[in-house]
Structure formats: C-alpha cells, structure tokens
Amino acid sequence: MRRRLPVLVGAAALLLAGCGSEADLPANLRGASAHPTTHAAPSASASASGSASAAEQEDVPLRAGERFQSIRLPAPYTPTAPEGTGTDDYRCFLVDPGFTSDQLVSGVHIAPDNAALVHHVIVSKVEPGDVERARELDAGDPGDGWTCFGGAGVSGVAGGSLDDADWVGAWAPGGGERVMADDIGIPLAEGTQLVVQMHYNLLAGTGTDRSTVRLRLSEAEGATKQALRTMLLPAPVELPCRDNGTKGLCNRALAVADVKRRFAEDIATADLLHLLCGPIEPGPVQSCTRPIREEGTIRAVAGHMHLLGRAITVDVNKGTPQAQRVLDLPVWNFDDQGSIPLDEPLDVGPGDSITVTCTHDQSLRDLLPAFEGTQDRYVAWGEGTTDEMCLGIVLMTER
C-alpha cells in the first residue's frame, strides 16, 4: 500500500512521533516527578541502534477514580525487515481495550519488551467508525499486525492532523510514564480501539518482542478534565555529502529515489515537506514555520531526530520582538528524548507562528557503529534509523 503526505507524522516517531516521547510534563500537568532529561554529546560508544531501555521509575499511586489497564501485543513478534527496506521494520498492531463507556487517559506507560530492537513506539486511537478499516488492514497482512511505514493507514491514525495528532502516548529512548495532573486527560470514546505502531531497528540484532502499554484510566462521565493535545512540527532534512559531491547516492535525486523504494512511498515525503515548509535549500540547518490556528497553552516540548542530529530548537514568533524559545537542545542526545516542560506555560493563538529548526552533521558517521562501513550519502527525510528526521512535538492544553 503506497503512503502519502498525511502519514509522514506516524514515522516520528516520535514517532514517531513520531517520534518522540511525551514524558516529563511540567508540574501543573503531572501528578509526580517524571524522568529527568539530560543531554549528552553522541560518542563512539553509542549503540548501533541508538536506543536504550526506559528509565526505571517508581510507580505513581493510583488516584481517586483511576485504574490501570495493560494491553500487550497479541503475541511475541519477530521483527523482519520487509524485502528491500534495509534494517527497519514498522509494524502496527490493533488492540481492543474493550471500552464499554467513555474514558479519560491520565497516564501512559509504554514498556518495550526488547528495548534493544525498539526505535520508537506510538499509540494512536482508532475511533469506533474506523475500527472496521483497521481490521481489514490487519487481516490483509499475514501474521499479527501489518507493515506500516509512515503510518497505520487508518483514517484518524495515519498521521491525522498536524495541529492535533491522534496520539495517546509515545515512547522513545529516555521516555517513561507520563502522569497528568488531576484536571488533565485524553478522552477516548466508548468502542475506541488502539493501534500500537512499533518501529524495530534490526541493526541491534534479532529476537522477539511483546511490548506492553499500561493506561491510567478513569470514567469520563461527570469529569471536568482539560484535554491535552499534541501538535507536530516536521521540517525537511537536506544534508549534502561532505565533499558536496553529486555522484551515486550523493546525488539528491538518487538518494530520495532510494528512500522512496525502501519505504514504498508514492511521492517522497522528502519532497512533500517542501510544499509545507518552502523550497529546497541544501545544508546542515533546516527549519519550518507554521501558523498556530487555535488558541492553546504550550506546557511542554520535545524534539525528534536520528543519529546524525546535532541540535534542535522550537521558537514561537521567531524573528519578531515577541519571539520566545520553547525548546533549546544545543547538544542532541538520541538516547534521551523526553519532553521538557516550560518554566512558565505560554499562551498562543491565531496570529502566532511556531518554528522548528534542526542541525545535522555528516561527520557523526565516523563515530557511530550504525554507520560502520557506509559511505556518505545525501540525507533526506526517511523512515530508517540511519535515515534522518526533524520533528518538534508540542504538548498543549486548551484555553
């Protein structure tokens, strides 16, 4: 099944987010301390997968009206890269939590069973009207789940809206349980099911995985919780070879064609992003600016890149007297992707803009085992662990 622009955010995984984790909410959003975020420079000893186990944390006790419900992948799954895709397996699993009434999610803890193989996990909601489509996708692919480069392919899950992604939770290296304050929740309607998108990085070796997602739930009826939403900010990656050569995969057209082939893209996400963000301008620093369309309050921000990432920032109203930086990671650490709370929540709305800026560095190929034996290539947005992404993840409440 060919993928188009709306599914690009499912890869972030961050997703990735894409990627990225939604851990470490600020004090007024969480019920207890979360995983502390640290940032260290990449080193030659970094693992081939760039992944690490989630930090060990003490469980936050259940609060009044809450209960835990755990869901697991249907059975142990052995990741295998589909033919021609290299070293990555994106697999989506449909799970039915059996909701017989409307629920509110006030905490998410994603526990990879085989963290060495897991690049990211994204849990998305499948609205009741979309469940049949998800079942068809599951039935159409042998074994449990289905291949889902880019996104799950279900309406409402395959990326959804960039301004309001359908994420329930996410895990990336450095992520842990996200516990929200008493007045915050993610609504899930009766009959909602979940898609768990697993990105497996086979550079770490082989093995099976049966990851678990634990939800902290309460009944929605009569509740007055404030809804939390996720805004996704993708930007292009246009990183030339170090000698600025154009032969072989140092040629952008050939490199993008290779990504299209490996991940069954009808039109390359690397090209479509420029419809959103502006013309192609090769270089190590790339950015994208989008308008904010709805009023909200920014509470926490995360970034997602891969192994060639050096730095990432997110700015509100960049280049104006009202500019405010809401994320500043001058030294990117792939193994710690938890969200970072704002010291003071920031109100935004129509008339404001938000910009994500990423810096990537080809010289990291010389340090990281994942690139051992590889040559420089033109690097554009791609799904694989040794491809690259640039993604800001903004957690907002309504106001």
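Let's start with strands β4 (residues 118–126) and β9 (residues 193–201), which run antiparallel and are joined by eight bridges. Along this pairing, Ser124 stands opposite Val195 in β9. The model is predicted, so to speak of local features a pLDDT of at least 70 is needed, and side-chain atom pairs count only at pLDDT 80 or more, while totals for chains, interfaces and linings use all residues. Numbering runs from 1 along each chain as its sequence is written, and side-chain values use heavy atoms, with hydrogens and water left out.

Both strands belong to an open sheet of five strands, in the order β5-β2-β9-β4-β6, with antiparallel pairing. Its edge strands, β5 (146–147) and β6 (167–171), each pair on one side only; pairing here takes at least two DSSP bridges between two strands.

Stepping back, the protein chain holds three helices and 20 strands, taken as DSSP runs (H or I, at least four residues, for helices; E, at least two, for strands) and numbered from the N terminus. Of its 399 residues, 57% count as buried, meaning under 20% relative accessible area, with exposed being over 50% and partly exposed in between (1.4 Å probe, protein chains only).

Glu221 lies in the loop between β10 (212–219) and β11 (226–234), and is exposed because its relative accessible area is 76%.
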